[in-house]
Amino acid sequence: MRVSVFYNSGKKSQQVATKLIKKLVDCAFEIDDKNPDIVISIGGDGTLLSAFHKFSTQLNQVRFVGVHTGHLGFYTDWRDYEIDDLVESLKHDTGQQISYPLLDVGVQYVGERDQKHYLALNESTLKRVSATMVTDVYIRDELFESFRGDGLCVSTPTGSTAYNKSIGGAVLHPRLEAIQLTEIASLNNRVFRTLGSPVVIAPDEWIDIKPDQTAQDYIMTIDQFMPRQKPIERIRYRIADQRIAFARYRHMHFWNRVEDAFIGEKQGS
Ligand code: NAP
């Protein structure tokens with residue numbers, strides 16, 4: 001089995017990575033950062049996002065494993081002090097995996113013939129900070145609303161606990177085949193009206209946003225990245241054909257993760 005160890009610049013992550021690589025080599029695993037079967041990310045959920053983007057063209061052959069150097073995360077099943085257990089699980093790997101949907105972001109830039117496609121694991125946003133963002137929102141090619149506000153966010157189910165949650169989106173179970181559209185500070189009054197609540201669309205549906213062409217200073221994000229900031233004619237969001245696969249050696253119930261991350265210790269009544 002070929003394994004790549006991907007880690008962030010934190011001192012703890014580097015120490016854990018050094019220890020893990022030594023153990024893997026001792027157990028006759030091949031360290032391969034070009035064509036791995038397993039990518040082990042060490043850091044946090046943000047580190048796994050970066051690992052995903054590094055290997056996003058190899059999703060058919062790669063399974064991910066997340067090791068968290070802090071608290072337990074949403075993309076991380078292992079803690080840094082569980083390296084021995086992780087290596088044991090890798091030795092007994094039978095190809096077990098669980099996969100989750102990704103977001104396909106098709107961008108039609110002004111003046112370009114072909115759409116450019118990006119893949120997001122958490123979400124993509126379109127924002128305008130200099131003034132109100134004005135954009136038409138279409139669902140399945142039908143005009144749904146004319147949005148005015150700070151921006152819009154489209155997230156995956158696994159991304160629903162990230163930025164989406166901070167702007168009032170719903171937390172979706174990651175086994176759902178769906179994407180969610182969430183508003184960022186929409187302007188709602190007698191003149192301008194949007195739905196004002198998050199929208200979750202079905203697997204065979206798509207969302208188009210067409211920003212007002214009189215402004216050009218929109219900011220598009222894909223997870224932690226801001227790709228080319230060029231004038232955008234239209235963005236089409238749909239569930240991607242590709243999925244992200246995790247080597248799942250043990251299971252933690254999704255709602256336990258949510259409870260652990262956001263609620264924590266509760267006082268009894
Ligand atoms: P960052 O600003 O360093 O980290 C943002 C936080 O989001 C970290 O605590 C990270 O967890 C957490 N996170 C990432 N993916 C998550 C997920 N699927 N569910 C729950 N929490 C998650 O940014 P980054 O590390 O480059 O990651 C970029 C992501 O951060 C974006 O995709 C966006 O979703 C999120 N973000 C959120 C806000 C907000 O909530 N206001 C603002 C900016 C960005 P770890 O500590 O485990 O890495």
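## Ligand shell

Helices are DSSP runs of H or I with at least four residues, numbered from the N terminus. In this predicted model, helix α2 gives the most to the shell around the ligand, with three residues. The elements that give two or more residues to this shell are α2 (45–54) and α4 (163–166).

The shell holds 17 residues, and those that come nearest to the ligand are D45, G46, E123, T161 and S166. By class, the residues of the shell divide into nine polar, five nonpolar and three charged. Both domains take part: domain 1 (2–97 + 247–262) and domain 2 (102–242) each provide at least three residues of the shell around the ligand.

## Polar contacts and cover of the ligand

At G46, a polar backbone atom lies 2.9 Å from an oxygen atom of the ligand. At T161, an N or O atom in the side chain is 2.7 Å from a nitrogen atom of the ligand. At S166, an N or O atom in the side chain is 2.5 Å from an oxygen atom of the ligand.

On its own, the ligand has 820 Å² of accessible area, of which the protein covers 60%.

## The largest pocket

The largest pocket contains about 230 Å³ of space. Its lining comprises 19 residues, and Y100, P174, R248, F254 and R257 lie nearest its centre. At least two residues of this lining come from each of β6 (98–109) and α5 (254–262). The lining residues of the largest pocket divide into nine nonpolar, six polar and four charged.

Rolling a probe the size of a water molecule over the atoms shows where empty space is left. The structure has one cavity of 30 Å³ or more. The volume of the largest cavity is about 40 Å³.

The lining of the largest cavity is formed by L72, G73, F74, M252, R257, D260 and A261. Four of these lining residues are nonpolar, one is polar and two are charged.

Conventions: Residues are numbered from 1 along each chain as its sequence is written. This is a predicted model: local features need pLDDT of at least 70, side-chain atom pairs count only at pLDDT 80 or more; totals for chains, interfaces and linings use all residues. Side-chain values use heavy atoms; hydrogens and water are left out. On a 1 Å grid over the protein atoms alone, a cavity is a set of points where a 1.4 Å probe fits but cannot get out, and a pocket is an open set with protein on both sides within 12 Å along at least five of seven lines; lining residues have an atom within 4 Å of a point. Grid points are joined across faces, edges and corners, and a volume is the space filled by probe spheres set on the points. Ala, Val, Leu, Ile, Met, Phe, Trp, Tyr, Cys and Pro count as nonpolar, Asp, Glu, Lys and Arg as charged, and the others, Gly among them, as polar. A residue is near a molecule or strand if one of its heavy atoms lies within 4 Å of it. A polar contact is a pair of N or O atoms within 3.5 Å; within protein, one must be able to donate a hydrogen and the other to accept it, and residues adjacent in sequence count only if both atoms are side-chain atoms. Accessible areas come from the Shrake-Rupley method with a 1.4 Å probe; for residues, only the protein chains shown count as cover. Domain bounds come from an automatic or database domain assignment.
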